[in-house]
Amino acid sequence: MDNQDLPVLKVDQLSVTAVRGGIEVLKNLSFSIEKGETVALLGESGAGKSTLFKTILQVLRIRGWKQSGKIISQGMEIQGLTPFELEKVRGPKIRCIFQEPALSLNPSLKISRQLREAIVTIEPELTGKEVLERMKEALVNSGLDPDMTLDKYPGDISGGQRQRVGVAMSICTPTPLLLADEPSNSLDSVTVTELVNTLLRLRNSGYISSLFIVTHDIGILKALDCQRVLYMDQGELFEVGNIQQVLEEPAHPKLAEMISLRNVIESMVGQTDEAQEKHAPLYEVENIQFGYRSRSFFSRAKIPILKDVGFEIGKNEFVALVGNSGSGKSTIGKLLTQELKDYQGEILFDGNPIVQYRKGKGKKRFHRDVQIIFQEPADTFDPSLTMRQNLEESFFAMGLDRDEVEKAFDRLLDKLLLDRRMLDERPHNLSGGQKQRFALMRAFGSRPSMILADEPFNNLDLIAQQRLIELLLERKQDKERPMSCVLISHDIGVVSKLCERAFVIDDGRIIESGPVDDIVKHSTHPATQRLIQAAAMLGSIQAEAEGV
């Protein structure tokens with residue numbers, strides 16, 4: 001049989017067991033992916049999805065895992081290949097968009113050099129001009145401007161833009177099979193729709209022959225029109241039909257629960273209190289100007305990021321900062337939490353200048369009252385410490401005593417679907433979703449008066465999303481210690497149901513603000529309308545805006 005007629009990937013009786021603890025993470029999996037197919041893999045966080053991808057690519061640490069069964073790529077068995085032989089598989093035959101691609105970028109090398117290396121390693125025969133054109137094409141396909149990206153270092157761009165660079169590195173050369181592990185994490189909804197259209201175009205043209213995708217976003221799978229869906233539960237694999245069958249008649253009980261949760265979440269996030277009593281502002285932001293220093297040897301001028309930004313956040317109020325990646329949303333969040341301090345303008349917290357909370361008891365009180373759910377949780381835990389040590393270090397720094405810390409563990413572990421034994425694991429032994437849930441525990445553990453949540457639904461499956469929304473609403477309705485929330489998101493569909501007001505950010509300015517429903521239905525700015533259209537395509541909102 002010609003290799004062209006063979007499956008691009010065949011997995012036969014694959015089992016993977018962690019040497020430490022003897023836990024069988026993958027259990028006797030068998031499936032294949034044919035040329036031209038788009039196959040989805042669904043499952044809760046920790047089900048083994050990312051482990052499967054790493055096993056296919058043979059990047060698991062050899063000493064830490066035992067493998068049995070076969071993995072075959074176009075007739076070539078992958079297990080047992082030498083590192084040199086594997087280089088003929090990784091890239092030429094199988095490429096991957098990893099769950100957190102920003103972590104794979106070298107912070108000391110320009111993006112142009114890293115992209116060039118990804119291309120010439122696979123296609124060394126290309127000329128310099130052809131490599132440059134391929135680099136530009138990959139960046140454009142990932143939603144980035146090559147002229148604004150190639151000459152920068154990873155630290156010069158936003159988290160969502162780094163994610164897009166990682167995507168560009170994965171689609172910069174043709175491949176028979178692209179593995180995509182949560183490719184939409186950290187991407188704004190406009191870029192997600194562009195990525196979906198790019199993947200469809202590359203698949204239809206044969207540039208990418210087949211696609212194997214993991215995502216919690218059912219809207220993406222619908223947009224990609226997945227022919228087959230696999231569902232993983234506790235390391236076991238089940239074939240459950242195409243995407244339409246999954247939505248109408250899910251064949252696995254846990255999958256049925258996951259699909260039904262979409263409606264549960266819809267009803268939960270609509271529970272905003274229209275008659276909410278107005279309180280004094282918790283935050284007052286006036287005429288903020290902010291810029292980063294240029295890295296140029298010849299100039300130390302500031303590159304403007306925020307331009308004359310001003311707004312208020314009331315006590316017990318949920319507001320949203322919405323915009324594309326790179327618009328300035330996360331920069332505003334960093335100013336509110338004092339991660340960034342070199343700005344012009346005025347920020348008041350609870351009636352006092354925020355600068356008063358930079359030292360001593362004021363600093364400890366501020367960081368107990370104001371907590372952050374970071375955009376990329378993997379970056380926020382010390383890899384050399386267990387999760388218990390990571391959390392205790394944070395809680396003790398906020399002024400919690402041992403008894404309060406244990407009460408926080410007791411209160412939140414079950415709510416966030418975390419096993420107490422996970423406290424003794426180090427971050428690299430946990431899935432992206434599990435690390436995100438530990439980040440939620442750290443944020444809610446001190447019962448803060450305000451949470452700044454930067455894309456908090458990234459990495460969370462639908463069940464974990466439900467628990468997060470429950471925690472947010474529970475704290476908002478707490479009579480003794482109600483909580484405010486600033487939700488930073490690219491998805492105007494999510495915030496339209498969870499927040500009372502929204503500020504739409506574009507190019508460092510607030511271009512629209514007011515009640516979320518008014519913005520969705522009567523938006524006039526093109527940047528806002530693009531966000532609404534993207535949310536409608538991905539199914540998180542029913543667009544009723546004028547002109548949309």
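Student: Is R475 buried or exposed?
Tutor: Buried. In this predicted model, R475 has a relative accessible area of 5%.

Student: Which residue does R475 form a salt bridge with?
Tutor: D478. The closest N and O atoms of that pair are 3.8 Å apart.

Student: Why does 3.8 Å count there?
Tutor: Because the cut-off is a side-chain nitrogen of Lys or Arg within 4 Å of a carboxyl oxygen of Asp or Glu. The D478 to R475 distance is 3.8 Å.

Student: And D478, buried or exposed?
Tutor: D478 counts as buried, at 16% relative accessibility. The cut-off for buried is under 20%.

Student: How many salt bridges are there by that rule?
Tutor: The count comes to 25.

Student: What about R90, which partner does it have?
Tutor: R90 forms a salt bridge with E87. Their closest N and O atoms are 3.3 Å apart. R90 is partly exposed, at 23%. E87 is partly exposed too, with a relative accessible area of 42%.

Student: Which residues are linked in a network of salt bridges?
Tutor: R388, E392, R402, E406, D410, R420 and D424.

Student: Zooming out. How many helices and strands in the protein chain?
Tutor: There are 19 helices and 20 strands. The radius of gyration is 24 Å, close to the 24 Å from the globule rule for 548 residues, so the protein chain is as compact as a globular protein of that length.

Student: What does the C-alpha trace span along its principal axes?
Tutor: About 75 × 55 × 45 Å.

Student: How many of the residues count as buried, as a percentage?
Tutor: 55% of the 548 residues. The accessible surface of the protein chain comes to about 24100 Å². Carbon and sulfur atoms hold 48% of that surface.

Student: And contacts? What share comes from residues 24 or more positions apart?
Tutor: 69%, among contacts with a separation of 6 or more.

Student: Charges, then. How many positive and negative side chains?
Tutor: 68 positive and 77 negative. The centres of the two sets lie 6 Å apart.

Student: Back to single residues. Where is R228?
Tutor: R228 is in strand β9, residues 228-233. R228 is buried, with a relative accessible area of 16%.

Student: What does R228 touch?
Tutor: Leaving out residues up to four places away in sequence, R228 touches S32, I33, E37, T38, V39, A40, E239, G241 and N242.

Student: How far is R228 from F212 in space?
Tutor: 9.8 Å, C-alpha to C-alpha. In sequence, R228 and F212 are 16 residues apart.

Student: Now T331. Where does it sit, and what does it touch?
Tutor: T331 is in helix α11, residues 329-336. T331 touches F290, Y292, I305, L306 and L340, not counting residues up to four places away in sequence. T331 is buried, at 9% relative accessible area.

Student: Last one. How far apart are the C-alpha atoms of G80 and Q58?
Tutor: They are separated by 9.4 Å. Along the chain, G80 and Q58 are 22 residues apart. G80 is in the loop between β5 (76-77) and α2 (83-86). At 74% relative accessibility, G80 counts as exposed, whereas Q58 counts as buried.

Note on methods. Residues numbered from 1 in each chain as written. Predicted model: local features only at pLDDT ≥ 70, side-chain atom pairs only at ≥ 80, totals over all residues. Heavy atoms only, no water. Buried < 20%, exposed > 50% of the residue type's maximum accessible area, 1.4 Å probe, protein only. Helix = DSSP H or I, 4+ residues; strand = E, 2+ residues; numbered from the N terminus. Rg over C-alpha atoms; globule rule 2.2 N^0.38 Å. Contact = heavy atoms within 4.5 Å. Areas by Shrake-Rupley, 256 points an atom, 1.4 Å probe, with all protein chains shown as cover. Lys, Arg positive; Asp, Glu negative; His and termini not counted. Charge placed at Lys NZ, Arg CZ, Asp CG, Glu CD.
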